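User: Please take a close look at one part of this model, the helix packing and the pockets, and explain it in plain terms.

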Amino acid sequence: MYKRQVSPLYLVFVNSVKTVREIYLSPLGLPVEISWNNFGRVMEKIDFGQALKNSLFFVVFGVAGLLVICSMAAYRLARHRTRVNKFVYLLLVSSILVPFQTVMIPLIKIIASIGLYNTRIGVLLAYYGYGIPFAVFLFYGFLSSIPREIEEAALIDGGSLFQVYRCIILPLLKPICVTVAVLDVLWIYNDFLLPFVLISDNELRTLPLVMYTFFTAYERPWDLAMASLTMVLTPAIICLLYTSPSTRDYAAYRMPSSA
């Protein structure tokens, strides 16, 4: 099981320090001579630092905006189930079934008509528009399991609706917030199509877009491609190792031994 999960990473890391000839001759074997200059050539060919900044910008502000907007919207829809709110919720849920390819061209026209084409704000708005339905769906289902008596007691004590949301509901939403954040980080960090259709300026390109430049109709520099993949995967792996539960955390959840 673990071999299947690690084997793609092994292929990427091992081939990132090989020459093209050695990759074709022995893609699975260890490198005969380590070629560290692949990473230097990648830095020369693409502006990796700027692409990483752009990707992190979209990830941070995109995920933060989705968490704030969707948690508040789902709270309103779940606690005030009027006909209008039910219609809005059903409209959001039904939009999950619409593939991005069907709204791609209208989205480009709308973003261009308001003057936000080839801008960071335009890309963020597109992420919000396409990410809100699924996030609201998850928050709505989680909020439905929280008893209303907790909020009613806080309102009786004199708390405002926003205070109830901020001090009581939001702390209870931490598990689903983490779930939504993980899903959206993976989506935005790895997304290629949406930035591809909304960005034409080289200074705004994200990591998937700059990696695409290595593959042309007449060239396949697999050594540079694998080196760039290693550079892209490294921040994600570091973040995963940093946020993963430690041994002590697992020990806290162990079942007590029977007498």
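Analyst: What follows goes through confidence, then helix packing, then the pockets.

The model is predicted, and confidence comes before any detail. The average pLDDT of the chain is 83, and 89% of the residues score at least 70. Helix α7 has the highest confidence in the chain, with a mean of 93, and helix α14 (residues 247-252) has the lowest, with a mean of 43. Over residues 246-259 pLDDT stays under 50, and the model has 1 contact beyond four places in sequence for this stretch. Where pLDDT is low, the predicted coordinates should not be read in detail.

Now the packing around α9. Two packed helices are described by the angle between their axes and the distance between the axes. One partner of α9 (residues 161-172) is α8 (residues 149-156): the two pack at an angle of about 145°, with their axes 10 Å apart. The crossing of α8 past α9 is right-handed. On the α8 side the residues in contact are Ile150, Glu151, Ala154 and Leu155, and on the α9 side they are Leu161, Val164, Ile168, Ile169 and Leu172. This contact has 8 nonpolar residues, no polar ones and 1 charged one.

Helix α9 also meets α4. Here the axes come within 12 Å and cross at roughly 115°, and α4 passes α9 in a right-handed crossing. From α4 come Val68, Ser71, Met72 and Tyr75, which meet Leu161, Val164, Tyr165 and Ile169 of α9. By class, the contact of α4 with α9 has 7 nonpolar residues, 1 polar residue and no charged ones. Leu161, Val164 and Ile169 of α9 take part in the contact with α8 and also in the contact with α4.

Rolling a probe the size of a water molecule over the atoms shows where empty space is left. The largest pocket holds about 740 Å³ of space. It is lined by 26 residues, and those closest to its centre are Val185, Leu186, Tyr189, Ala236 and Cys239. Helices α4 (48-79), α10 (174-190), α12 (207-212) and α13 (222-243) each give at least two residues to this lining. By class, the lining has 23 nonpolar, 2 polar and 1 charged residues.

The second largest pocket holds about 250 Å³. Helix α10 supplies at least two residues of its lining, as do α5 (83-95) and α7 (120-143). The largest share, 5 residues, comes from α7, the helix with the highest confidence in the chain. Among the residues that line this pocket are Leu92, Ser95, Tyr130, Pro133, Phe134, Asp184 and Trp187. The lining divides into 8 nonpolar, 3 polar and 1 charged residues.

Asn118 is not a glycine, yet its phi is positive, at about 65°.

Terms used:
Residues numbered from 1 in each chain as written. Predicted model: local features only at pLDDT ≥ 70, side-chain atom pairs only at ≥ 80, totals over all residues. Heavy atoms only, no water. Axes fitted to C-alpha atoms, helices over the stretch in contact; angles between N-to-C directions. Helix = DSSP H or I, 4+ residues; strand = E, 2+ residues; numbered from the N terminus. Left-handed = near helix turned anticlockwise from the far one by under 90°. Contact = heavy atoms within 4.5 Å. Nonpolar A, V, L, I, M, F, W, Y, C, P; charged D, E, K, R; others polar. 1 Å grid on protein atoms, 1.4 Å probe; cavity = no way out; pocket = protein on both sides within 12 Å on 5 of 7 lines; lining within 4 Å. Points joined across faces, edges and corners; volume = space filled by probe spheres on them. pLDDT = per-residue confidence, 0-100.
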